[in-house]
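Me: I would like to go through this structure with you. Could you take my questions in turn?

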Amino acid sequence: MKTYTNYLGSKFDIEPITKTVNRYTRAGNEGRNIFCPKCDKRSRVFHFSWSALNCQHCDTMIDKNQWRTV
Ligand SMILES: [Zn+2]
């Protein structure tokens, strides 16, 4: 079975999320989960009117188009 390794070296047997936030990504009324490309932790946002966001988990400033979403 193919495995995938993330930034932190953790192994997964499912394909990681590779879709990233772009200028067409919308949060909707419920907000939207985005995943830090560095620590793979989830954050929830309610709008995308920002160009970069600090990850609360690894304290890294991540550009909008680097965040992943499903
Ligand atoms: Zn992070």
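This is a predicted model: local features need pLDDT of at least 70, side-chain atom pairs count only at pLDDT 80 or more; totals for chains, interfaces and linings use all residues.

Me: Is D59 buried or exposed?
Reply: D59 is exposed, because its C-beta atom has 9 C-beta neighbours inside 10 Å, and the cut-off for an exposed residue is 12 or fewer.

Me: What about the phi of D59?
Reply: Phi of D59 is positive, near 55°, and the residue is not a glycine.

Me: Which residue in the turn between β3 and β4 has a positive phi?
Reply: That residue is D40, with a phi of about 65°. D40 is not a glycine either, and its place is the loop between β3 and β4. D40 counts as partly exposed because it has 17 C-beta neighbours inside 10 Å.

Me: How many residues separate the two strands of that hairpin?
Reply: There are six residues between β3 and β4. The two strands pair in the antiparallel sense, over four bridges.

Me: What is the bridge partner of I34 in β7?
Reply: In β7, I34 has T69 as its bridge partner. Strand β7 covers residues 68-69 and pairs with β3 in the antiparallel sense over two bridges.

Me: What is the strand order in the sheet?
Reply: The order is β4-β3-β7, an open sheet of three strands with antiparallel pairing. Its edge strands are β4 and β7, each of which pairs on one side only.

Me: Changing topic: how many helices and strands does the chain have?
Reply: The chain has zero helices and seven strands. Read from the N terminus, its elements are β-β-β-β-β-β-β.

Me: And the overall dimensions, along the principal axes?
Reply: The C-alpha atoms fill a box of roughly 40 × 25 × 20 Å along those axes.

Me: What percentage of the residues is buried?
Reply: Of the 70 residues in the chain, 9% are buried.

Me: Which residues form the largest nonpolar core?
Reply: The largest nonpolar core has six residues, namely V21, I34, F35, C36, I62 and W67.

Me: What does W67 touch, leaving aside its neighbours within four places in sequence?
Reply: W67 is in contact with T20, V21, I34, F35, C36, P37, L53 and I62.

Me: Where is C36, and why does it count as buried?
Reply: C36 lies in the loop between β3 and β4. It counts as buried because 21 other C-beta atoms lie within 10 Å of its own, while the cut-off is 20 or more.

Me: What are the contacts of C36, beyond four places in sequence?
Reply: C36 is in contact with K41, S43, C55, H57, C58, I62 and W67. As for H57, it is 21 residues from C36 in sequence, and their C-alpha atoms are 8.6 Å apart.

Me: Let us turn to C39. Where is it, and which residues does it touch?
Reply: C39 is in the loop between β3 (32-35) and β4 (42-45). Residues up to four places away in sequence aside, C39 touches L8, C55, H57 and C58.

Me: Why is C39 classed as partly exposed?
Reply: C39 has 17 other C-beta atoms within 10 Å, so it is partly exposed.

Me: How far is C39 from T5?
Reply: They are 12 Å apart, C-alpha to C-alpha, with a sequence separation of 34 residues.

Me: What share of the contacts joins residues at least 24 apart in sequence?
Reply: The share is 41%, taken among contacts between residues at least 6 apart in sequence.

Me: Finally, what can be said about M1, and how far is it from T20?
Reply: M1 is in the segment before β1 (4-5). It is exposed because it has 3 other C-beta atoms within 10 Å. The C-alpha atoms of M1 and T20 are separated by 25 Å, and the two residues are 19 apart along the chain.

Notes
Residues are numbered from 1 along each chain as its sequence is written. Two residues are in contact if their C-beta atoms, placed from the backbone, lie within 7 Å. A nonpolar core is a set of buried Ala, Val, Leu, Ile, Met, Phe, Trp, Tyr and Cys residues joined through C-beta atoms within 7 Å. Two strands pair if DSSP finds at least two bridges between them.
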